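Open your viewer and get ready to click along. Each stop below gives you something to select and tells you what you'll find there.

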Amino acid sequence: MGLRKGLNLLVLAGSAEARRLARGATEAGARVEAWVSEPPRGPDAMPVPCKLMAFDDVETVAAAMAGFDAVLDASHGFDGTMSAMGCAASRQLGLPFLTFQRPPWEIDVPTWQRAADVAAAMPLIARGARVFSATGWASLPDCAAFPGSRLFLRQTSPHDRPVPYAFVEPVFGQPPFTVTGEADLFRRLAIDLLICRNLGGAASRPKLDAARALGIGAILIDRPALPPGVQVVTDMDVALEWVASL
């Protein structure tokens, strides 16, 4: 692909695909910088200069964004604030803006449901159920009305933070996860229900495949809505073609 000479591309990062998109644009000749809203996790660091940014004020974000020619949003699928702030700032500056998202997982099992957010999932949980949650520590305030007996919350980074409710029990584990490992974990914990964010993709899929194999129900949380009018693609090659067309 041929890029306009000297293209300055900003990648809003947070997804695994952000690394590959940044690398692909760099190899094609763009000058690429990535922004993240929290320190990157895992050994696969961003292959381009990476800056930790606060996405809490559009004017501040727009001022920092000045000087870029376009913005490629490859943020985490549930970092709605980054996408919204990035889009608003790019529109203020008149910059082309594109969001890449993985296709969501389909709700194709009769015992699987969807919910708009974690709070909306609480009434769908049977009283006394043992639930495995992969919705993150920040989702715990939305679990106040939890009707089950135990909420096992996946955590991928060690910590000793006290849980806010007696029914919560952190379960620590490091990715990558496998279907066999997830199934063994669900059996050991006697899980009745899985709650997870609908991230799409293969890396986070094993827990769902394990639930399917064991006949465990699941509630998939919808992604935050993107700003109206945002152009979205679900194929990385298409995203790189967009960069090449600028």
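What follows is a walk from sheet to core to cavity, with a few stops on the way.

Before you start, know that this is a predicted model: local features need pLDDT of at least 70, side-chain atom pairs count only at pLDDT 80 or more, and totals for chains, interfaces and linings use all residues. Residues are numbered from 1 along each chain as its sequence is written, and side-chain values use heavy atoms, with hydrogens and water left out.

**Stop 1: the open sheet**

Start with the open sheet of six strands, ordered β3-β2-β1-β4-β5-β12 and paired in parallel. Strands here are DSSP runs of E with at least two residues, helices are runs of H or I with at least four, and both are numbered from the N terminus. Two strands pair if DSSP finds at least two bridges between them. Colour β3 (50–52) and β12 (232–233): they stand at the edges with a single partner strand each, so one side of each has no neighbour in the sheet.

Now pick β1 (residues 8–12) and β4 (residues 70–73), a parallel pair with four bridges. Zoom in on Leu9 and you'll see Ala70 of β4 opposite.

**Stop 2**

Move on to strand β7, residues 130–134. How many of its five residues are buried? Four of them are, which leaves the strand mostly covered. Buried means under 20% relative accessible area, exposed over 50%, and partly exposed in between, using a 1.4 Å probe and protein chains only.

β7 pairs in the parallel sense with β8 (residues 150–155) over four bridges, and Ser133 stands opposite Leu153 in β8. Four bridges also join β7 to β10 (residues 193–197), again running parallel.

Next, follow β8. Five of its six residues are buried, so this strand is largely enclosed by the rest of the structure. β8 runs parallel to β9 (residues 168–172), joined by five bridges; there, Arg154 stands opposite Val171.

**Stop 3: the nonpolar cores**

Select Phe132 and Ile125. Of the 41 residues in the largest nonpolar core, these two touch the most other members. Such a core is a set of buried Ala, Val, Leu, Ile, Met, Phe, Trp, Tyr and Cys residues joined through side-chain atoms within 4.5 Å. Leaving aside neighbours within four places in sequence, the contacts of Phe132 include Phe152, Leu185, Ile191 and Ile195. Contact means heavy atoms within 4.5 Å. A second, separate core has 24 residues, among them Val11, Ala13, Ala18 and Leu240.

**Stop 4: helix α6**

Show α6, residues 206–214. Its buried residues are Pro206, Lys207, Leu208, Ala210 and Ala211. They pack against β6 (112–115), β7, α5 (179–189), β10 and β11 (217–221). After the helix comes Gly215, with a positive phi near 70 degrees.

**Stop 5: the cavity**

The structure holds one cavity of 30 Å³ or more, and about 70 Å³ of space lies in the largest cavity. A cavity is a set of points, on a 1 Å grid over the protein atoms alone, where a 1.4 Å probe fits but cannot get out; lining residues have an atom within 4 Å of a point. Grid points are joined across faces, edges and corners, and the volume is the space filled by probe spheres set on the points.

To outline the space, select some of the lining residues, including Asp73, His76, Ser83, Thr99, Gln101 and Leu226. α3 (80–93) and β5 (97–100) each supply at least two residues of this lining.

Stay with Ser83, which lies in helix α3. Is Ser83 buried or exposed? At 5% relative accessibility, Ser83 counts as buried. Apart from neighbours within four places in sequence, Ser83 is in contact with Asp73, Ser75, Phe97, Leu226 and Pro227.

**Stop 6: out to a loop**

Finish at Pro164, in the loop between β8 and β9. With 46% relative accessibility, Pro164 counts as partly exposed. Not counting residues up to four places away in sequence, Pro164 touches Trp137 and Leu140.

Key
1 Å grid on protein atoms, 1.4 Å probe; cavity = no way out; pocket = protein on both sides within 12 Å on 5 of 7 lines; lining within 4 Å.
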